[in-house]
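Dear colleague,

Please find below the structure that I am handing over to you. A summary of the findings follows it, and I would be grateful if you would read the two side by side.

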Amino acid sequence: MTDVKSFAILVLVVAAIGLLAVLSNRLSERVHLPAPALFLAVAAVTEKLVSVLPAPPEQLVERVVTVALLCILFDGGLHLGWRRFRSAATPITAIGIVGTFLTAGAAAALCHYAFGLNWYLSLLLGTAVSPTDPAVVFSVLGRREIAGRSGAILEGESGANDPVGIALMASLITAGGVSSSGFLHVAGEFLLQMGVGGAVGVVGGRALLWFIRRVPLPAEGLYPLRTLASAFVLYGIATLALGSGFLAVFVAGIILGDARAPFKLEIERFHSALASLAEIVAFIILGLTVDLDELGHADVWIPGLVLGAAVSIVIRPVLVGLCLWPTKLERNERTFILFAGLKGAVPILLASYLLAAGIQQGQRLYGIVVVVVAFSVIFQAGLVPTVARLLRLPMHTIEVEPWALGVRLPDEPEGVDRFTICPGSPADGRTVEQLSELPGEVWVSFVIRDRELLHVRPGTRLQAGDDILVQTEPANHPKLVAMFETPGP
């Protein structure tokens, strides 16, 4: 009975912590602090005050956060989808890859010249603080969602620069130092991880889509479990093939994001909930590794604050701004993207790699990264709503819709497509009756604007961002994509 009672107490404590973590999202909306910051702070303080609570082993932390990150990346890919990714592919690639390298290099230069670290440790520290986490941004904004391409770029950047940062960190640790041969090794290792990871993600994503559509399961609840298991399979295959498993999972999520599949809504809801749970678990377990006494040392918190301020105020706006310069973005959108490069769990995960590898001054570097993340999620994130309002950034409020009505069909409906009007596409700004280029028999049956259903008439004028439901012959799909989702010359 003693064991049963102990287990019951453990379950009670874990459940209570989980409930408080879920409810903390309401508090974060009021104080304009992201919920992950609260998880991190509470866990760190608890570990300090409760002396019987030991810090979790480094290997356990790394593995738990890795699993959590896989869940978050796959859900991020599902939410982004191929259509949104394609509409912002150039800026996502530019700032997700090139911007990450430039940020890491500039941060490394600051660490070397300002803090006296050797170049190798400086590169490790710069790489650790380079990835971003837009989930922190959206947590601060609450129920307000960014319209236009800004949201897609922020989401895509994080999904891209997380695997890039992880691959770069792993390559640097393997190289073991700074030299010409070491740089060649890092470049080769990085390209291998990105190439293999991307290929596994594309092929695996298409195979997963075929698997979902062609192999039925006996119960609705099994469909989300299949996608989860398949995502982990892709991670394992890519990693064993010396590629980036994180990139493979993210790319597979993008491919599956817009695809029609049975029980797709249930799959998306399951992975969204799982990603929220993963975020809670990741920040709590990372918080338990934070040594508050170590953060109190002047050679930790001062470099951390200087580096955090420099990355957010100087390095990112200048270097990532150069990457965004050729893109056709409004000035307010570009400014917000540059400001909203907040840090999250991945920098701390990368810093934990330094501890696991036994890197010289690893504990100090870990503390500096924690201070950088704390600066980002407390000071910088607290200004996000104000900056968005001052920039007059186009946003809309996501209204909670707890009740739903739906229709289920035993077979996939033929000739029904959903499109989102792309800015500058042939359909943007034209009425339904002016769409003379529409092929054959085409019926625009629904138009959803600002989460409201419009009555479709010949004079209904379509706008960028409208979601429309179109019924036509399947062969007309490519022409409809060109009409609704392809920007004009």
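In what follows, contact means that heavy atoms lie within 4.5 Å. Please note that this is a predicted model.

I begin with the sheet and the helix beside it. Helix α18 (residues 477–484) lies across β3 and β6, and its direction is at about 20 degrees to that of β3. These two strands belong to an open sheet of 4 strands, ordered β3-β6-β4-β5 and paired in the antiparallel sense. At its edges are β3 and β5 (452–454), each of which pairs on one side only. On average, neighbouring strands of the sheet are turned by 25 degrees against each other, with direction ignored.

The individual pairings are as follows:

- Strand β3 (residues 416–420) pairs with strand β6 (residues 467–471) over 5 bridges, antiparallel. Here Thr 420 has Asp 467 of β6 as its bridge partner.
- Strand β4 (residues 443–449) also pairs with β6 in the antiparallel sense, over 5 bridges. Trp 443 is found opposite Gln 471 in β6.
- Between β4 and β5 there are 3 bridges, again antiparallel. Ile 448 has Leu 453 of β5 as its bridge partner.

In general, strands of a sheet pair through backbone hydrogen bonds, in either a parallel or an antiparallel manner.

I turn next to the nonpolar interior. In soluble globular proteins, nonpolar side chains tend to be buried together. The largest nonpolar core of this model holds 103 residues, and those with the most contacts inside it are Phe 74, Leu 124, Leu 125, Leu 286, Leu 307 and Phe 336. Helix α16 (residues 362–382) is the greatest contributor to this core, with 10 residues. Apart from this core lies another, of 13 residues, including Ile 421, Ala 427, Val 444 and Ile 468.

Leaving aside residues up to four places away in sequence, Phe 74 touches Leu 208, Thr 227, Ala 231, Val 249, Ala 252, Gly 253, Leu 256 and His 271.

Finally, a word on the cysteines. The count of disulfides is 0. Why does Cys 71 count as buried? The relative accessible area of Cys 71 is 9%, and the residue is therefore buried, since the limit is under 20%. Cys 323 is likewise classed as buried because its relative accessibility is 13%.

Yours sincerely

Note on methods: Residues numbered from 1 in each chain as written. Predicted model: local features only at pLDDT ≥ 70, side-chain atom pairs only at ≥ 80, totals over all residues. Heavy atoms only, no water. Core = buried A, V, L, I, M, F, W, Y, C linked by side-chain atoms within 4.5 Å. Buried < 20%, exposed > 50% of the residue type's maximum accessible area, 1.4 Å probe, protein only. Pairing = 2+ DSSP bridges. Disulfide = S-S within 2.5 Å. Axes fitted to C-alpha atoms, helices over the stretch in contact; angles between N-to-C directions.
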